[in-house]
Amino acid sequence: MSKPNNAAVRMSRVATALPRSTKQIITILVDFISLFFAVWGAYCLRLGYWYEPSVEQFALFLLAPLIAAPIFVINGLYRSVIRYVGEQALLAIVKSMGIATLLWTGVAFMTEMRGLEGVPRSVPLLYFMLATGFVAATRFGARWLLWLPLRKRYGNEQILIFGAGQAGHQLATSLLQGDKLFPAAFVDDNPNLVGKDLGGLRVHSVNQLPWLIEHYEVSSVIVCLPDVSSEKRREVVELLEQHRLKVRILPGLSDIVSGRNLVSLVREVDVGDLLGRDPIAADPALLHKCITGKVVLVTGSGGSIGSELSHQIAALSPKQLILLDHSEPSLYQVHRKVEGLNACPVVPCLGSVADADLIRHVFKTYHVQTVYHAAAHKHVPLVESNISEGVKNNILGTQNVAQAAAEFGSETFVLISTDKAVRPTNVMGSTKRWAELAIQQVARSQGNKTIFCAVRFGNVLGSSGSVIPLFKEQIQKGGPITVTHPEINRFFMSIHEAVELVIQAGSMAQGGEVFLLDMGESVKIVDLAKKMISLAGLTEKTADGKGDIEIQFTGLRPGEKLFEELLIDDAGAEKTAHPKIMRAHEAGLSKDQWGQVWGSLLNSLQTEQEQSAKRLLLDVANNHFPMNTLGSTLNA
């Protein structure tokens with residue numbers, strides 16, 4: 001990109017920095033000169049030679065701008081910011097000059113100021129045309145000159161800012177100090193702001209969006225509404241989607257007050273901005289009850305849920321935070337970030353929950369008081385292809401941690417479960433359901449003082465392996481987006497809200513409960529894909545090949561459901577003190593019920609690897625689960 005002329009840049013900065021009153025005076029002087037010469041030019045054109053006016057006619061020439069100036073003021077020509085003057089100003093110029101020409105003509109024909117030669121009848125028409133052209137040319141020419149260095153400086157990348165409040169004004173100021181994005185104008189739906197100028201930028205109404213997009217050649221907009229509800233922000237984003245704009249967003253007030261530069265906070269709009277709900281304020285007592293001043297263990301701390309748990313727990317002032325994960329890179333990343341908060345002592349533990357000796361060592365050494373068990377293999381197709389590992393991690397690993405918590409007297413154990421554990425149709429869901437029942441059984445053990453509970457919820461936005469990162473990657477590659485079935489739907493919740501609710505649910509537990517999080521309405525995955533295409537400023541490819549990104553349906557994968565559920569029993573769920581946390585009416589299973597639930601799963605394990613998994617399941621049943629006759633039931 002070529003560098004602009006330094007003189008042009010200095011001129012632009014000096015001109016835009018002038019006081020508003022100084023700019024208006026300059027504009028009036030330019031108009032005065034333009035109108036004077038417009039009358040003179042009309043005479044010259046009519047007579048066909050360089051005309052020298054008499055004293056009386058010279059006075060008539062001076063009268064033209066004096067008549068026009070008040071009319072310009074009344075029609076708002078001196079309220080417009082030159083750099084943002086548009087077609088509305090051109091109409092105002094034509095209207096104003098029409099009135100000014102009629103008044104000037106009347107004065108000229110009714111007084112002696114026309115001189116001995118009089119006023120030729122075609123002069124008023126020529127004056128109107130010349131004056132209109134001069135006034136318009138000076139404004140649009142000045143606009144072009146002021147924009148020229150700015151266009152070069154910002155590489156023609158201009159954006160609109162939706163929201164003319166304080167945050168939007170601050171964002172515009174920050175952008176003007178850089179050289180990547182240039183704010184062309186504000187857009188706001190507040191009628192009290194429309195038409196005003198903020199820092200040299202005009203505030204336009206929502207109805208002017210099509211004109212703004214064409215006039216300023218913008219393809220991006222930044223939504224700057226940090227203090228509105230999620231519903232309002234969703235409405236704005238959906239409105240902007242209709243104009244094929246790339247939408248970016250400024251996050252909430254909590255991020256803005258952190259003191260970071262606003263430009264660095266601007267991010268791409270994600271599906272969470274369209275699917276997210278207004279969060280209910282967390283109960284501080286429930287957040288702190290199981291964490292503040294206690295030794296807390298997070299298993300699977302390197303995963304999506306585990307890392308968010310670790311961040312939120314660290315902010316609640318635990319006595320010590322233990323991070324356990326079997327992945328060295330993941331553990332390194334979460335440990336580095338959490339330790340960087342300087343909020344509490346953090347201990348990284350590298351290992352698997354399937355290693356019973358390691359788990360007992362962690363509990364014995366650090367005297368763990370609260371456990372958030374997030375370690376699990378959760379990707380349905382991968383677990384379907386690696387059944388033994390799924391069983392080891394999800395079932396045996398849960399049993400190891402639960403038994404260690406009970407043995408060493410931990411106070412609270414919270415299992416992170418999933419909606420796929422409800423009437424499971426795949427191995428992953430089956431292992432998570434087994435894990436739920438396992439901790440319920442441990443909770444019923446005599447003499448056990450540890451409070452056990454499970455928290456069940458659906459998909460979280462932005463978690464690894466979810467469809468959203470996959471769709472983003474496919475869009476970046478130009479498509480196609482792959483969806484398994486046109487009718488498949490899922491629940492979605494922000495990862496921050498899910499973890500916050502998990503912490504509060506754990507504090508409400510009395511022992512053995514399965515809590516359900518209110519996930520809102522389920523969403524069709526194909527609708528999700530269409531929204532993500534639109535958010536990228538693209539269109540879905542139609543059957544005739546028109547559009548940008550194609551959506552392909554690949555068919556349901558083994559064990560995949562069309563609809564996910566959160567409840568097993570039809571009796572429903574019991575409300576709790578928190579409006580987004582419910583308690584499931586699901587009792588533990590009897591010996592016969594265990595056999596019915598898992599019999600079909602075990603009988604379907606036929607390959608060598610699956611037989612290994614079956615032996616492992618039976619081993620867990622016989623030697624690890626505190627159920628006297630479970631093993632014999634499964635063997636039978």
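**Exercise 1. Find out how strand S8 is paired and whether its residues are buried or exposed.**

Step 1: S8 runs parallel to strand S9 (residues 320-325), and five bridges join them. Strands are DSSP runs of E, at least two residues, numbered from the N terminus, and two of them pair if DSSP finds at least two bridges between them. By the way, this is a predicted model, where local features need pLDDT of at least 70, side-chain atom pairs count only at pLDDT 80 or more, and totals for chains, interfaces and linings use all residues. Residues are numbered from 1 along each chain as its sequence is written, and side-chain values use heavy atoms, leaving out hydrogens and water.

Step 2: Check the sides. Val295, Leu297 and Thr299 point one way from S8, while Val296 and Val298 point the other way, and all are buried (under 20% relative accessible area, with exposed over 50% and partly exposed in between, using a 1.4 Å probe and protein chains only).

Step 3: Five of the five residues of S8 (residues 295-299) are buried, so the strand is largely enclosed by the rest of the structure.

**Exercise 2. Place Gly458 in the chain and in space.**

Step 1: Look in the loop between strand S13 (451-457) and strand S14 (459-461); that's where Gly458 sits.

Step 2: Gly458 has a relative accessible area of 11%, so this residue is buried.

Step 3: Now compare sequence with space: Gly458 and Leu516 are 58 residues apart in sequence, but 9.5 Å apart from C-alpha to C-alpha.

How values were computed: Helices (H or I, at least four residues) and strands (E, at least two) are DSSP runs, numbered from the N terminus.
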